[in-house]
Amino acid sequence: MVNILKHIVKNDAMKNDPVEIYGWRVFALACSACFGGMLFGWDIGSIGGIIVMPAFMKEFHLTDANSSTLNSNIVSVLQAGCFFGSLIAYYVADRWGRKPALLIAASITMVGIVIQATTLKSLTQLYLGRLISGFGVGAASMLTPLYVSENAPRAIRGGLTGLYQLFIATGTMLAFWTNYGTNKNFKPLNKTNAAWQVPLAMQALPAVCLFVGLVLCNESPRWLARQDNWERATEVLSQVTNLPPDHPYVQMELDEMRDQLENERRLIGGATFWDLQREMWTIKGNRNRGLISIGIMVCQQMTGTNAINYYAPTIFLNLGIPSANTGLFATGIYGVVKMVTCAAFLLFAADSLGRRRSLLWTSIAQGCAMFVIGFYVRFDPPVKGHPIPPVGYFALSCIFFFAAFFQFGWGPCCWIIVSEIPTARLRAMNVALAAATQWLFNFVVAQAVPHMLKDGHMGKAGYGTYFFFGSCCFAMFFFVWFLIPETKGMSLERMDDIFGVTELAKAHIDEEGAHASANINEKPHNTHVQKTTADVISPQDRGAQREEVNKI
C-alpha cells in the first residue's frame with residue numbers, strides 16, 4: 001500500500017512521514033464514516049427518478065399542471081431538514097464528540113426512511129419522512145468530512161476526506177440503477193408501488209453501514225485534545241498511526257495540537273458559544289476562513305450539479321431522450337461517470353495536483369459544457385418523435401463531461417478545504433456553517449430548477465438555465481484565483497500559519513510581556529517572557545522539528 005501511495009501521491013509529507021501511519025486502520029475509519037456521504041448521494045439519485053415513475057405519479061396524483069410545484073416540494077423538503085440538521089450537529093459534535101453525533105445521525109435517517117417507504121397516498125407523510133431524513137443526512141454531511149480530516153494523515157488527507165464525495169457519487173450511481181431496475185421489472189408500471197417504495201427503502205442501507213462502521217471506530221483525537229483528555233488522545237492517535245505512544249511522530253502531532261489550542265485560548269480566553277463567535281469573526285484569519293468556507297459552498301451549488309442530479313431524468317427527456325425508462329438508463333450511466341472520475345481524482349490529483357489548481361481548470365471546463373448544452377437547446381432544440389440530431393448527441397455527451405469535470409474539482413475539493421482550514425476550536429462551527437450554506441443553496445436549486453426548465457422563465461425549453469449555471473462556473477475561476485490558497489500536504493495545525501493567526505498569537509504574547517515589564521521586577525519578567533514566547537513555535541522551528549523527526 002505504501003509503495004503504491006508513494007508512486008501516486010506527490011507531496012513533501014508523503015516523502016518524509018513514517019510509513020507506518022498509512023496502515024489499514026485509517027482507511028477503514030475513513031470508509032466507515034463516509035457512508036454518511038452515501039446517505040446524501042442515495043437520496044439525490046433516487047428521488048429524481050422516483051418522481052417520474054408512472055406508479056408514483058398515479059399514487060400522489062402528479063399531473064403536468066402540478067408536477068413542477070409538487071416535484072420541487074418533494075425534493076426540497078429534505079434540504080430544509082438538512083439545513084437545520086447540519087447546524088444542530090455542530091453543537092452535538094462539540095459537546096459529546098464526533099462519533100456519537102454520527103451514530104445519532106444514522107439513527108435519525110433510518111427513522112425518516114421508514115416513514116417515507118411506508119407512505120401511501122399521503123403527501124404529508126412523505127414530506128414528514130423526508131424532513132426527518134433530512135435532519136440525519138444534513139448532520140452526517142457536516143460530521144463526516146470533519147471526523148475524517150481530524151483522523152487522516154496530512155499527506156493523504158485530501159484523498160481520505162475526498163472519499164466523502166466518492167461515496168456521494170457511488171450512492172448516486174447505485175440509486176440511479178436501482179430506479180432503473182425497479183421501473184423496468186415491476187409491472188404494470190402505473191400500478192406497482194414497489195417500483196418506487198423499494199428505491200426509497202434501499203436508502204436505509206448506507207445508514208445501517210454508517211452506524212455499524214462507526215461503532216467499531218475511535219473518537220477523533222483532536223476532539224479529545226480539546227477536552228484536555230490527553231491520555232485518551234495519545235492512545236487513539238497511536239492506534240490510528242500504528243505507532244507507539246512515545247514515537248516522535250506521535251509526540252510531534254500532540255505538540256502541534258497543544259500549541260494550536262494554547263494560541264487560540266490566548267487570543268480569546270474562554271470557550272463559551274459567544275467566545276467562539278468572537279474568535280470566529282473578530283480575528284481576521286479566522287473570519288477569512290469562515291467566509292471562504294461559506295463562499296466555496298455557494299459556488300459548489302451554483303455549478304448546477306444538483307440541478308442535474310435531482311432532475312437528470314427530466315433533463316434527459318428535455319434533451320430528446322424518448323422515454324422515462326431510457327432516461328433512467330442514461331441517468332445510470334451519468335452516475336457511473338461521476339463515480340469513476342471521482343475515484344480517479346482522489347487517486348491521482350487530490351494530494352498531487354492539489355485543491356487550488358483542480359478548482360481553477362474545472363471552473364472553465366464546467367462552464368464550457370453548460371454553454372454547449374444551452375446553445376443546443378436554444379438554436380436546435382429536440383422535437384418529440386424526431387431523431388436526435390448529431391449536435392444533440394454532443395450536447396448529451398456534455399452532461400457526462402460536466403459530471404467528470406465536477407468530480408475532478410468542485411465536488412471533492414470543497415469538502416476537503418472547509419474541513420481542513422479552520423482552527424481546532426472552530427472546526428466544527430466552520431464545517432457546520434459550510435454544510436448549512438450548501439444545504440440552503442441546494443434547497444434553492446431544488447425549488448427553482450423545475451420552474452426554470454418547464455415554465456418558460458429561462459427561455460424556451462429552459463435554455464437559459466444552462467447559460468446561468470455556465471456563467472456562474474466561469475465566475476468561480478476568479479473566486480478561486482484571488483481567495484483560495486493551496487493546502488495539500490500540510491498538517492491541520494499549519495493552517496494557522498497560512499492565515500496569519502500564529503503570528504498574531506506571538507504578537508499578543510509580546511504585547512503582554514511589554515505590559516508586564518512596567519509592573520514587575522525585570523529579572524522575573526525576562527524569565528517569564530522567554531518561557532511563554534517559546535510556547536508558540538514558529539513555522540520555521542516547526543519545520544525543523546519535523547525534519548528531526550524524519551531523521552529519527
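**Notebook: a serine, a helix face and a helix pair**

I started with serine 238, which is buried, with a relative accessible area of 12%. Buried here means under 20%, so serine 238 qualifies. I am working from a predicted model, which I note before going on.

Next I looked up where serine 238 sits, and found it in helix H13. I then asked what serine 238 is in contact with, leaving aside its neighbours within four places in sequence. The list reads Leu243, Pro244 and Pro245.

**Helix H3**

I moved on to helix H3, which covers residues 24–33. Which of its residues are buried? I noted Val26, Leu29, Ala30, Ser32 and Ala33. Looking down the axis of H3, I saw these buried residues fall within an arc of 165°, so they line one face of the helix.

I also wanted to know what covers the buried residues of H3. The cover includes helix H4 (35–50), helix H8 (123–151), helix H9 (157–185) and helix H11 (204–215). Helix H13 (230–241) is included too, and that is the helix where I found serine 238.

**Helices H8 and H9**

Last, I checked how H8 and H9 pack: their angle is about 160°, and their axes are 9 Å apart. That makes H8 roughly antiparallel to H9. I recorded the crossing of H8 past H9 as right-handed.

From H8, the contact is made by Ala140, Ser141, Thr144, Pro145, Val148 and Ser149. H9 brings Arg157, Leu160, Thr161 and Tyr164 to the contact. I sorted the residues of this contact by kind and got five nonpolar, four polar and one charged.

Technical notes:
Residues are numbered from 1 along each chain as its sequence is written. This is a predicted model: local features need pLDDT of at least 70, side-chain atom pairs count only at pLDDT 80 or more; totals for chains, interfaces and linings use all residues. Side-chain values use heavy atoms; hydrogens and water are left out. Buried means under 20% relative accessible area, exposed over 50%, partly exposed in between (1.4 Å probe, protein chains only). Helices (H or I, at least four residues) and strands (E, at least two) are DSSP runs, numbered from the N terminus. The arc is that of the directions from the helix axis to the C-beta atoms. Contact means heavy atoms within 4.5 Å. Axes are lines fitted to C-alpha atoms, for helices over the stretch in contact, and angles run from 0 to 180 degrees between N-to-C directions. Angles under 35 degrees count as roughly parallel, over 145 as roughly antiparallel, 65 to 115 as roughly perpendicular and the rest as oblique. A crossing is left-handed if the near helix is turned anticlockwise from the far one by less than a right angle, and right-handed if clockwise. Ala, Val, Leu, Ile, Met, Phe, Trp, Tyr, Cys and Pro count as nonpolar, Asp, Glu, Lys and Arg as charged, and the others, Gly among them, as polar.
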